[in-house]
Amino acid sequence: MGGTLNMIGLGLAAIGPAIGVGLIFAAYVTGVARQPEAQSRLQTIAIFGFVLAEQFFIISLALAFVLKP
């Protein structure tokens, strides 16, 4: 039962980074639409934000398997 709860927790933990990535790229698209000349700078910031948001999911994935009883 404990392993099943870990996987449910992993699924719930995936919601946060998914929302974060969606918000990051929505802001990127909006920023490029408003100022196309700032695309290269905004793209760098968006990719950095994507990496940070996905890092939380990767850590939770590792913890779900390490803490599995």
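Is Val21 buried or exposed? Val21 is buried, as its relative accessible area is 15%; the term buried applies under 20% relative accessible area, exposed over 50%, and partly exposed in between, with a 1.4 Å probe and protein chains only. The model is predicted, so that local features need pLDDT of at least 70 and side-chain atom pairs count only at pLDDT 80 or more, while totals for chains, interfaces and linings use all residues. Residues are numbered from 1 along each chain as its sequence is written, and side-chain values use heavy atoms, with hydrogens and water left out.

**Val21 and its surroundings**

- Val21 belongs to helix 2; helices (H or I, at least four residues) and strands (E, at least two) are DSSP runs numbered from the N terminus.
- Apart from neighbours within four places in sequence, Val21 is in contact with Phe50, Ala53 and Glu54, where contact means heavy atoms within 4.5 Å.
- Between the C-alpha atoms of Val21 and Ala64, which are 43 residues apart along the chain, the separation is 21 Å.

**The aromatic pair**

- The structure contains 1 aromatic pair.
- The ring centres of Phe25 and Phe50 are 5.9 Å apart and the planes stand at 55°, so this pair is tilted.
- Rings of Phe, Tyr and Trp (its six-membered ring) pair if their centres lie within 6.5 Å; planes under 30 degrees apart count as stacked, over 60 as edge-to-face and the rest as tilted.
- Because Phe25 lies in helix 2 (residues 15–34) and Phe50 in helix 3 (residues 39–66), the pair ties together parts that are 25 residues apart in sequence.
- Phe25 is partly exposed at 31% relative accessibility, and Phe50 is partly exposed with a relative accessible area of 33%.

**The nonpolar surface patch**

- A nonpolar patch on the surface is formed by Leu5, Ile8, Leu12, Ile15, Ile19 and Leu23, with about 610 Å² of accessible area together.
- Helix 1 (2–13) and helix 2 are the elements that give two or more residues to this patch.
- Patches are made of residues with over 30% relative accessible area and no salt bridge, with like charges joined within 9 Å and nonpolar side chains (Val, Leu, Ile, Met, Phe, Trp, Tyr) within 5 Å.
- A salt bridge is a side-chain nitrogen of Lys or Arg within 4 Å of a carboxyl oxygen of Asp or Glu, and accessible areas come from the Shrake-Rupley method with a 1.4 Å probe, where for residues only the protein chains shown count as cover.
- Leu23, a residue of helix 2, is exposed with a relative accessible area of 59%.
- Leu23 and Phe65 are 42 residues apart in sequence, and their C-alpha atoms are 28 Å apart in space.

**Ser60 in helix 3**

- Ser60 is located in helix 3 and is buried, with a relative accessible area of 18%.
- The Ser60 side chain reaches the backbone oxygen of Phe57 at 2.8 Å.
- Not counting residues up to four places away in sequence, Ser60 touches Leu10 and Ala13.

**Gly11 in helix 1**

- Gly11 is part of helix 1 and is partly exposed, with a relative accessible area of 40%.
- The C-alpha atoms of Gly11 and Val66 are separated by 16 Å, the two residues being 55 residues apart along the chain.

Methods
Polar contact = N/O pair within 3.5 Å; in protein donor to acceptor, adjacent residues only side chain to side chain.
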